[in-house]
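Hi,

Here is the structure I said I would pass on. Have a look at it first, and then read my notes below.

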Amino acid sequence: MKKSRMLAVLGGGIFCVAVMSLYRMLELMQGAELQQRVDTPIGQDKDLFLLQQKIDRLELLLSNNNRLVAMLRDSLIQRKASWETGRGANGSSGSARQLPGCRLAEEIKDGSDAVQLLDVYDLLPFDNPDGGAWKQGFDIRYQGNEWDEQPLEVFLVPHSHNDPGWLKTFDRYYEDQTKHILDNMLIKLSEDSRRKMIWAEISYFSKWWNGINKQKREAVKRLVGAGQLEIVTGGWVMADEANSHYFAMLDQLMEGHQWIQRHLGVKPITGWAVDPFGHSPSMAYLLKGAGLSHMVIQRVHYAIKKHFSQQRTLEFLWRQSWDSSPRSDITCHMMPFYSYDVPHTCGPNPAVCCQFDFHRLPGGRVFCPWRIPPQPITEQNVKERALLLLDQYRQKSRLFRSPVLMVPLGDDFRFVEASEWDAQFTNYQKLFDYFDQHPELHVKARFGTLSDYFSALSRRVAAGTTLPTVRGDFFTYADRDDHYWSGYFTSRPFYKRLDRTLEATLRATEILFSLTLAEMRRLHGDGRLAAGFPAREHFGRLTAGRRSLALFQHHDAVAGTARDHVVVDYGNRLFDSILNLHTVLQSSAHWLLLLDKSQYHHDQSKPFMQMVDVMSSQDALPQKTPLTLSDQPRSVMVFNPTEQLQKSVVSVLVDSPDARVVAAETGQPMAAQISAVWAEPGRAATDSFQLDFVAELPPLAVVVYHVTRSSVGSAPQARYTFSRRGNPPNVEVEHFQVSPPDATLSLSNKHVQIWSSPETGFLQKLRLQSGHVRQVQVQFLWYGTTTNRDKSGAYLFLPGEEGAQVYTPPEPPLVRVSRGPIFSDITSCFRHFTHTVRLYHLDGHAGRSLEISNTVDIRSEVNRELAMRLVSDVANGNRFYSDLNGFQMQQRRTLAKLPLQANFYPMSTAAFLQDSMSRLTLLAAQSQAVAALRPGELELVLDRRLQQDDNRGLGQGVTDNKLTASLFTLLLEDRRGGAKEVGGASVEHLSLLAHLTSLSLCHPPITMVAPSDSQLPKLRPFLPLRSSLPCDVHLLNLRTLEDAQEADNPSQEVALLLHRKGFDCSSAPEPQLQCTWSVHEEVDLADLFSPLRFGSLRRSGLTLLRDHDEPESPRQQTSRITRLRPMEISAFRAKID
């Protein structure tokens, strides 16, 4: 009875809100009509104009009303579901009732043949004994009769690893080497149908394809069709798996797959990743979702390789940690030995295997370091040579569960010259012929592709060979001794930040461009685009932007491990793409905002609007374009690239301390704050001021604001205090109030209060609205490098025995405190960095977190790395969590048996510590190394400057440091309602609040401004969605696809990519979020994206290959209902009507 009454009250509440909203609509329409009479055109268009204004206003108000009613309805459904089940979505108690669809922490339990990598790390001693010929392994023995019933089946897989930039630029490598490799491939494979090869990097293959004639293209297709040439993975590059964000990892995969589909008409089914420095299950998930069924990995910690070899688990089903089903499983082959070159692939003894690299025959430029050269195969030596090679094959075979063996044949930039093709293929064919002529050896060897190998393996699995399941990731990689590759998690941080800037710009541009084309077609009704809109040129800019981002995901690019001049080449590509994408953004927003679309005119030399944040070169931080104010309004356009209603602080520079901001459509004043622009830490600029205002931005909307000069003293201003221990600072500040510092340094808003050190400005403790106080202290640290021969470099982190040393400044810092109505902050100015912690005075979840920003400059240092550490009283033991590629969280265990550098892990977007009471989450806008070396501590490496090479082939140190910005958000959350620590390798997720905060951090609003001298036409806001998407559904992309008939033209189809996030049960956000979430996996996309309408909608693979499209069911054609599982990415081929 009680439930029924409550439901009735809630239902009545919804009705009342709807009626009141409609009444308020009419009231606002009348007010708006009066306000607009001043601007109404004279003459016969007056009535039409007024009618158009009323309709637009009604649409906006109805949209707001629908959003409110939808929120209430979903809240009612959630409450009803909670009452009916009596338990939360996943059977939890307490706060899970408030969070339908949340994911409980759970211990992973699989069958007896399952491997959990965290447990393997606990188990292994990491003692590295000498293994003999296989130095990092063990002596392999066999009887000789193991293959009597099932002969050994060997596939020799020729390959050439082509880095798209490393010691040379992409273009220089192509001209010097890659072009010749592919030219010779076409000739040499065509000479003998038994010859095979695999190729991975589509960035190079597409460039080569563009330069060959039709006849050669047909020959390539014949080789692919005959199975002689296999495209493996099919990505634009062989992507880094530590620093890359999953948006970019998938985008480079899609760019490659779409190219392959158009030009070769095939789809990749096997993955090949032999050079990324560690491997992530996020990549395995993306490959499986893109239609691949098998994959190969190589760079794994030598102790893990040895253990997997002993257990014969080198071939396994890689399963996602969060997936209880085998749905995400992909068959993975781990190469057992040190490298992917020939000496380390035929078997355990490199001195023997090197003798079968026929590129090293005497007289050439390459030789065997073991000083036993290869011999050409002749009738006289073929038996001895064949038996020597067979012994290595057999030894290697004993590490696997099936008698099928893969042996790669290649190395970096191999098969450049025709003579190498002849030497390898001719000599190996003689060995294979000998095996064929001697059936008593029980071996069948031949050239093969990855598909050949995995097809044979699959037959063995079907016949009874079992493969174990493996969960976890393969970080942090070590190739020998204590040489852990955790340095590259931070190397070249300026470009890691620029990578994410391009990623956010590309995603925003993709979405706005797709919405623009859809709106044009809707307006015309016949699929035509607007006359004068350069859709083809813009699509070309988008494609170039996709490819620049894709190229930078290469494992020597975003990793920061290329030569200096190559880094500059990458930087220029990123920079040029950002500028080109800005052109598309501006042009799209221009058309969407125009009330009269016939007024659209594209002039690239004089754009309708300009970006507020502008980079002057590839190695410079963005600067804001200053606005000259007058009584005439300057129009500021703000695009919200997220799928959520955002209350955001928009920042512009103005030439006056007196300014006001109003919403252009309603004339409503916006809350604002004027702050100083600092020419030096204690000297404010006199001709430039920072104007910040609060914008409420509907999802995917473009909203217009007017900025004008206001009366003197009318704008709310920030107030300042300055301090410096022992040496009061010289302060030059006009226009702003400066007060003496307080004895204690504290800032607060409605949700949180912080205390900081008056001497350093560094954070010391936090108090939440609940009254919960936690110690959270910020420290900065220096790491030096070891005194041993091998030192830190671009790849390796080899710190000195003394470990981290607390940063001691040469002189006390200037501490500047700003207090204002929009935000307050504390800035500490040191010689090597400027550190700011900022608190926003915003309602809702935006005010719950602290923004931490650093500007770092260590160009004066020698062999030093700067780190930031948070020291808290969170009792997390030796466990913490860091993200993998922004896609999932991975438990980490800090192990005393490992060296310090082994306990650093990649962090793309998030890391957290937790105990039963609290969770401390740090969210990041760029990737870097993270560690939790002691309980309660979390530290990040911000920049590294290293004078020497670390002997991994680069041949230089890392000394091209820049003035580098890093941006973080710190979130302290109470855990309640059944939060519990789970033993073993537990799976955890970010909270809903952390997901939304990370979304705002990584995809901030994009601000544009109209030129001051332009007479602006009538504009109206663009509001494509009626309401926010559910809190846990992320619009990963809305990407316009290339026209299947007209190359380089946009089609009417888009790739709609949705990621349903898994979120934690233990913390419910307060106040209540403005978006909704649900326990149900089935959602109605027509409802989510209303009023957008899908003319067609078909689920597809993650790279939108047509072969992976699912047919539309009759139910989907009418309702657009589909399943979105938590943690999963779903891809759809759609037409927007």
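How much accessible surface does the protein have, and what share of it belongs to carbon and sulfur atoms? It comes to about 42300 Å², and carbon and sulfur atoms hold 50% of that. Keep in mind that this is a predicted model.

The protein has 1137 residues, and 62% of them are buried. Its secondary structure amounts to 19 helices and 52 strands. Looking at contacts with a separation of 6 or more, 76% are between residues 24 or more positions apart.

Six strands make up an open sheet with mixed pairing, and their order is 2-12-8-9-7-6. From one strand to the next, the twist averages 30 degrees. Inside the sheet, strand 8 (residues 315-319) pairs with strand 9 (residues 330-334) over four bridges, in the antiparallel sense.

Next, helix 5, which is mostly covered, with seven of its nine residues buried. Which ones are they? The buried residues are Ile202, Ser203, Tyr204, Phe205, Ser206, Trp208 and Trp209. Their cover includes helix 4 (170-191), strand 4 (197-199), helix 6 (214-225), strand 5 (229-231), helix 7 and helix 15.

I took a closer look at one of those neighbours. The axes of helix 5 (residues 202-210) and helix 7 (residues 246-263) come within 10 Å and cross at roughly 35 degrees, and the crossing is left-handed. On the helix 5 side, Ile202, Phe205, Ser206 and Trp209 make the contact, meeting Gly256, Trp259, Ile260 and His263 of helix 7. By class that gives five nonpolar and three polar residues, with no charged ones. As for the spacing along a helix, residues three or four places apart point the same way because an α-helix has 3.6 residues a turn.

There's another helix pair to look at. Helix 15 (residues 535-552) packs against helix 16 (residues 564-593) at an angle of about 145 degrees, and their axes are 9 Å apart. This crossing is left-handed. Among the residues in the contact are His538, Arg541 and Leu542 from helix 15, with Tyr570, Arg573 and Leu574 from helix 16. Eight of the contact residues are nonpolar, seven are polar and two are charged.

Last stop: strand 35 (residues 850-856). Which of its residues are on the covered face, and which on the uncovered one? Leu850, Ile852, Asn854 and Val856 make up the covered face, while Glu851, Ser853 and Thr855 are on the uncovered one. In a regular strand, side chains alternate between the two faces of the sheet. Strand 35 runs antiparallel to strand 34 (residues 833-840), joined by seven bridges, and threonine 834 is opposite threonine 855. Seven bridges also join strand 35 to strand 44 (residues 964-974), again antiparallel; there, serine 853 has leucine 967 as its bridge partner.

Happy browsing!

Notes
Residues are numbered from 1 along each chain as its sequence is written. This is a predicted model: local features need pLDDT of at least 70, side-chain atom pairs count only at pLDDT 80 or more; totals for chains, interfaces and linings use all residues. Side-chain values use heavy atoms; hydrogens and water are left out. Helices (H or I, at least four residues) and strands (E, at least two) are DSSP runs, numbered from the N terminus. Buried means under 20% relative accessible area, exposed over 50%, partly exposed in between (1.4 Å probe, protein chains only). Contact means heavy atoms within 4.5 Å. Accessible areas come from the Shrake-Rupley method with a 1.4 Å probe; for residues, only the protein chains shown count as cover. Two strands pair if DSSP finds at least two bridges between them. Axes are lines fitted to C-alpha atoms, for helices over the stretch in contact, and angles run from 0 to 180 degrees between N-to-C directions. A crossing is left-handed if the near helix is turned anticlockwise from the far one by less than a right angle, and right-handed if clockwise. Ala, Val, Leu, Ile, Met, Phe, Trp, Tyr, Cys and Pro count as nonpolar, Asp, Glu, Lys and Arg as charged, and the others, Gly among them, as polar.
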